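Please read this briefing alongside the structure shown below.

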Amino acid sequence: MGLNRRDFFKYVTVAGAAVAGAEGSAHAWQSRAPSDSVGCLVDLTRCIGCRKCEEACNRVNGLPEPDRSFEDYTVLDRERRPDEKTYTVVNRHTTGQIDERDQLIPTFVKLQCMHCQDPACASACIVGALSKKENGTVHYDVSKCIGCRYCMVACPFEIPAYEYHDPITPRVMKCTFCYERVQSENKLPGCAEICPVEAITFGRRSDLLKVAHDRIKRNPGRYIDHVYGEKEVGGTSWMYLSAVPFEKLGFVTLPEEPMPRLAETIQHSLFAYMWSPIVLFGMLGGVMWASKDKSDRAGNGKEGGSS
Amino acid sequence: MSHQAAPVNAKFWTPGVVVLAVLMAAGAAAILARFIGGIGYVSNLTTARPWGLWIGVDVASGVALAAGGFTTAFLAHIIGRHYYEPVVRPALLTAMLGYTFVVLGLLVDIGRSWAIWKPMLYWNPTSVLFEVAMCVMFYLNVLYIEFLPIVVERFKGRVRLPGPLSGLNTPVEAILRLLDAVLPKIMWLFIIAGVVLSCMHQSSLGSLMLIAPTKLHPLWYTPILPLLFLTSAIAVGYPMVVFEATLATTSMKLDSEMKVLGPLTRITIFLLGLYLALKVGDMVVRGTYIYLFDFTAQTNAFLVEMIVGVIVPWLMLLSPAVRRSRRWLFTACTMIVGGVLVNRLNVFVIGYRPPISEANYSPAIGEILVTVGLIAALMFIYRFLVTVLPVLNKPEQEVSA
């Protein structure tokens, strides 16, 4: 005989019952979103694709000079993503809508970190280098970062970029929401400040939601009835209004449940007060003590055998 | 203990070992390039695909395949099946080296290798990765402590340091004697801690991907991913012991230990069966079998993982003839080991598909060289250590019951 199966089932059952019992008593997961955060509302029906926001972002954040000038609109011929040298990019989408002269109507979409209300990156970050600030910013503290890139795995918007070509001190690069400007200098984020057509509205998130729904109500023909970022992944600080469905503009369809919820609930159920390691340690200790007692009586090594 | 382990007396520089050394040199060159030109210089990792071969194989599979350490410790030392004692030491050595190389792999993969200590200072309790890192750190130390008695056994009373160091002979001898007196009394603490820590981080490695529901293919994304990771790690423990013992005994012309390995894999029938049942049950409950025959690269990888890596070897193990045949047992166990490797690769690399950029990834030659070099170095050190320390069984000795 090999291992005594009855014993094995016994251990497994006890362990299973202990886990099941604890999950019932665990606290329900709660959002840690700040109650009074700021955000930006991007009205895609207003954006003209001038790339001034890209230029301002580059300037106020001291990012490296781009390969092609911000006045070069042929850049828009190719779809881009934010990268380690660019916190924000504007893309041009055509959805098949045409104007009175049979010209395709472009929709311009500005991309940057969405500054989620319950950010997956901050929940995932091994050292808490990413954190949700009281004003809504998802802030990156390079002094804690070890470069594991779990934030990039976690981000549902595929935003954080990495300085892969720095061998020793690479950084995670993403929109800072101009945290210093907004918090200390009382200024607007660079992009919101410069936008010549007021496509970007900066304000309290709760106010922005009112503005957004108000615009939809007053112009039902102009907008679809969806504020992207109001509910996606539990809400984001950056939100969008659009004339065409978001999935036609490269926006990913996301659940309303905050991304960290499942993982945090499981971790909390299993490891609150370290109860499960302690119980397991106790159980194994008991088994070890009992089997030692038994094998001392029966002599060592009788349990094994041929198959 | 009733079995006899002793340093192996075999020729060290065989052609196989020379090949290992060449692979190590190639890996070292790739690692050098990574620390000169950056991760981007040697890898195909991008914004959308931040984890690749290194995390999938060096870290995730490395941890899973080191599970022989805690599963044999549980069997022989916690529930007292001393019959299996002969495989405990090789499994412990494999686990110790496995985890050491997990950390070495991480040092290559993380951007700021010099900052690897920072999680000890900056805690983020919501982070699954934080918990994994803490467990791996503690467990690595537990493994070193569990391994210490083997070193003590070899050198106690025989400390002969060369030349100028000979003055240290007496103090080193005193330390070994102290360890020899203290370790047996407290070892039970570390043996239990090793099993507890293993259960914690083996499962949490599966929880890592729960934060990315839109990226991991539904065939793998399930709330019971941590349970699947734990059960598969436990199930692969003994097959890994068979795999590694067969390689070592063949390579160094030792006794095959079939008397122990055969019965050991009887337990695997139950453990792997449990994993298979959970995996199939999960697929049925969530209705993900609808993807099975999409015949994309991802779903094909799932079929390979399940059929070649779990179902076929499980059926093979059911046959007593397979369990008695050294060749067939090795084949079945290799398939199980490969199945867990493919599973980890599927969860972290192949099944991972960022929905916005839909970026593809295949490892760069530099990544492959690093991974192969690290594995070669592990095997090289294993071979070296078993010739110096009493890990493997004495060849002429019958396995005493």
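Helices (H or I, at least four residues) and strands (E, at least two) are DSSP runs, numbered from the N terminus. On that basis the elements of chain B run α-α-α-α-α-α-α-α-α-α-α-α-α-α from the N terminus on. This is a predicted model, in which local features need pLDDT of at least 70 and side-chain atom pairs count only at pLDDT 80 or more, while totals for chains, interfaces and linings use all residues. Residues are numbered from 1 along each chain as its sequence is written, chains are lettered from A and ligands numbered from 1 in the order in which they are written, and side-chain values use heavy atoms, with hydrogens and water left out.

**Shape of chain B**

- Chain B has 14 helices and zero strands.
- Along the principal axes, the C-alpha atoms of chain B fill a box of roughly 65 × 55 × 45 Å.

**Interface of chain B and chain A**

- Contact (heavy atoms within 4.5 Å) joins 79 residues of chain B to 75 residues of chain A.
- The two chains bury about 6,600 Å² between them, 66% of it on carbon and sulfur atoms; buried area is the accessible area (1.4 Å probe) that two parts lose on being put together, summed over both.
- B:R112, B:I211 and B:I356 supply 12% of the area that chain B buries against chain A, more than any other three residues.
- Across the interface there are 28 residue pairs in polar contact, both residues at pLDDT 80 or more. A polar contact is a pair of N or O atoms within 3.5 Å; within protein, one must be able to donate a hydrogen and the other to accept it, and residues adjacent in sequence count only if both atoms are side-chain atoms.
- Helix 8 of chain B gives the most to the side of chain B that touches chain A, with 11 residues.

**Salt bridges**

- A salt bridge is a side-chain nitrogen of Lys or Arg within 4 Å of a carboxyl oxygen of Asp or Glu, and the structure holds 20 of them over all chains.
- One salt bridge is counted between chain B and chain A: A:R149 pairs with B:D109, with the closest N and O atoms 3.1 Å apart.
- Within chain A, A:R32 forms a salt bridge with A:E264, where the closest N and O atoms are 2.9 Å apart. This pair links distant parts of the chain, 232 residues apart: A:R32 lies in the loop between helix 1 (5–25) and strand 1 (38–43), and A:E264 in helix 8 (residues 261–271).

**Confidence**

- pLDDT is the predictor's confidence in each residue, from 0 to 100.
- Chain A averages a pLDDT of 89, and 86% of the residues score at least 70.
- Chain B has a mean pLDDT of 94, and 98% of its residues reach 70 or more.
- pLDDT stays under 50 over residues 299–307 of chain A and over residues 397–401 of chain B.
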